[in-house]
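I opened my notebook to look up a few things about one structure. Entries are in the order I looked.

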Amino acid sequence: MIRRNIIFSIIGCFSLLMMVSCSDDFMDKTPQGSLDPSKIDASKVEELRNSIYTTISGSDVVFFAGYADNGYSRNYWDSNGALVQSNTVSGSENFGYGEWGHYGDRGNDYSSIRFCNLFIEKLRSFDEMDATQKKKYIAEARVMRAWTYMDLTLFYGDVALVDSVYNNFEDGLKRDPANEVRSWILDEYDAAFQDLPEENDPARFNKAMAMALKARAAYYFGNYAEAEEAAKYVIDNGGYSLFEVGELSDQMQKDADFFKQLIDFDAYGIDEEAFLKGIFNYQNIWNVDYNSEAIISKEYDATEEYGDFNRVTSFLSPNLTSKHGWATIAPIQDLVDSYWEVNGQDAPSLGSVDSRIEAYKALREEISALQAGPDNDPEQVEDNISFSDAVAQVIDQLPEKDYMQQFKNRDSRLYASIVFPYSAVNTLVEDKYFEYIHSINNYGQTGFVFRKMSGGDDLVSVWGDAYYMSGSDFHVVRLAEMLLIYAEAHTQTTGYDGSVTAELNKLRARCGMPNVPAGLAKDEAINFIRRERRIELAGEGLRYFDIRLYEDPSRNGGVKGTEAASVVMQGQSYDPVGNKSANKVWDDRLMLMPIPTTSRDKNPQLDQNPGY
């Protein structure tokens, strides 16, 4: 089967979408006649169809890492993440129920739903189209609508289910029970599946894509049988394969030469070539458009109007880009510590937080002395050298420094995903070692920045030559997620058997890591798979939903485990110097977000979620 990506359609008809979604609450009336059938011709239908896809989330989902225990979003004007993470969120914030909030959070989901409802209704009465094509277009809108409702119910639980065009809610509208909404969502995917082709037009939903979204939804709803079936369909019938690079570029090889110093290949029986190549097999998923693994992507264009601002400015620090880098969403130490040892099954042996802080300071003092030159006077600049030149002087001894021990013999995906202090970063900028400057906020205040998903090889300078926009696609659903959903769902329904390890070992082979362990008991296996999921999907916007799923006894299959919210959202995180970064505070009320005050003011029948 030919694989197709869903992409963000860069089209001139976005104004058509705005005609029916300009209000900030679904309670407001839809403009009458905005989709008058007498004014629609075949070309207009095609434009409206394209508009369905404009609401697919892109790289903004990375900000969800700051809602949980993977990241830190320090600016309240960028994202609500720190408010959720620290249990200080209130009804003043919005997560997609009504009006748009921050670029790092959900927009107005009900606008997308309303547009899909209008499109479906008007198309059904449009006679100038082949019946099969009409069914296909309607099915695409049903998939998008179901996806949007999935996001709403995961944030809010009970939500108002509106699947037809209504313009008057004189008495307001009640929220429908979450279990009914979620059952409806899964039924919608099944119904749409019947009318979608196996191979659709480029960048449009097909059967495999609908099943990928159903697999995600069923997994989060705790319906493991349907999640398993849907994920397996995608794995077997979607035509996708895990992405791998060809030969390493010169820049990649420079990074690989650094990373290989951190691994005792012989001691662990690790294939050096496969491991080093595996780092870039994984890292470069986000730098290759239309790659074999991407199921649903948001496409960006390297222009000021349609580029991706986040890839450089939001994900990188100032010393990793020639333009502005603000590191407004950054990985935290908790995520770094979660990666396996290089054997792929054991947690790393790590020193205490205090001991690692002292080790960092000692190494930083050593590098500073080298930077100061032979006169040991940083004020006399004649013999001063750069940070990277100073690190290069001790590069052979660097892996033995106390601070660097936490980065030795670790999962290859750690090296591919996170830039840590003193790490080589040639694939972002040449001949650099990462310097964390804790006194400057734009270094992220955690000590780390994302390597995966950052940068991109398709950049354009914009806004007075001060910023970069990236044209690299952002993959929001990929094959790896389907393998992980199948693995956990099958373990829940049947057990941890050979079919599970076979799918997980595909991920391990791609990144040059040893096979997963066999023969695990159910609870042990589920904990293992969930940690593997955290590592493989780090920063991709899912961890926030994951830890709440594991916490919920009605959805977690009876296994709360080691990755549940109340277990992992505990305590203050620190940067390498000892400054505070993410503050993780758990409360049961955080199982759901508050219904926004603005929406409740407009709809008196909206009750509030517990604890707000």
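**Entry 1: a salt bridge to begin with**

I started at Asp411, which forms a salt bridge with Arg413, the closest N and O atoms being 2.8 Å apart. (My note on the term: a salt bridge is a side-chain nitrogen of Lys or Arg within 4 Å of a carboxyl oxygen of Asp or Glu.) Then I looked up what this pair belongs to: salt bridges that share partners join Glu293, Asp411, Arg413, Lys452, Arg478, Arg508, Arg510, Glu532, Glu536 and Glu540 into one network.

Is Asp411 buried or exposed? Asp411 counts as buried because its relative accessibility is 0%. Arg413 is at 0% too, so Arg413 also counts as buried. (Buried means under 20% relative accessible area, exposed over 50%, and partly exposed in between, with a 1.4 Å probe and protein chains only.)

**Entry 2: what I am looking at**

This is a predicted model, where local features need pLDDT of at least 70 and side-chain atom pairs count only at pLDDT 80 or more, while totals for chains, interfaces and linings use all residues. Residues are numbered from 1 along each chain as its sequence is written, and side-chain values use heavy atoms, with hydrogens and water left out.

How many salt bridges does the structure hold? I noted 43.

I picked Arg478 and Glu293, which form a salt bridge with their closest N and O atoms 2.7 Å apart. This pair links distant parts of the chain, since Arg478 is in strand S8 and Glu293 is in the loop between helix H11 (272–283) and S2, 185 residues apart. (Helices, H or I with at least four residues, and strands, E with at least two, are DSSP runs numbered from the N terminus.) I checked cover as well: both Arg478 and Glu293 are buried.

Next came Arg49 and Glu140, whose side chains meet in a salt bridge at 2.8 Å, N to O. Arg49 lies in helix H2 (residues 42–51) and Glu140 in helix H5 (residues 131–156), so the pair ties together parts that are 91 residues apart in sequence. Arg49 counts as buried because its relative accessibility is 1%. Glu140 is at 0%, so Glu140 counts as buried as well.

A reminder to myself: side chains of opposite charge can pair when their charged atoms come close.

**Entry 3: strands**

I went back to strand S8 (residues 474–478), which is mostly covered, with 5 of its 5 residues buried. Which strand pairs with S8? Strand S2 (residues 294–298) does, in the antiparallel sense, over 4 bridges. (Two strands pair if DSSP finds at least two bridges between them.) Across this pairing, Lys298 stands opposite Phe474 in S8.

Strand S6 (residues 459–462) and strand S7 (residues 467–470) also run antiparallel, joined by 4 bridges. Here Val460 stands opposite Met469 in S7. S6 and S7 form a hairpin with 4 residues between them, and Trp463 in the turn has a positive phi of about 50 degrees.

**Entry 4: other positive phi values**

That phi made me look further. Most residues other than glycine have a negative phi, and most peptide bonds are trans.

Asn409 has a positive phi near 55 degrees. I found Asn409 in the loop between helix H15 (387–393) and helix H16 (412–417). Asn409 counts as buried because its relative accessibility is 8%.

Gln445 has a positive phi near 65 degrees. Its place is in the loop between strand S4 (418–419) and strand S5 (449–450).

Where does Glu341 lie? I found Glu341 in the loop between helix H13 (333–338) and helix H14 (353–372). Glu341 is buried because its relative accessible area is 15%. From Glu341 to Ser249, I noted 92 residues in sequence and 27 Å in space, C-alpha to C-alpha.

Tyr612 is in the segment after helix H22 (597–602). At 27% relative accessibility, Tyr612 counts as partly exposed. Tyr612 and Ala42 are 570 residues apart in sequence and 48 Å apart in space, C-alpha to C-alpha.

Last, I looked up Asp264, found in the loop between helix H9 (250–259) and helix H10 (265–268). Asp264 counts as partly exposed because its relative accessibility is 35%.
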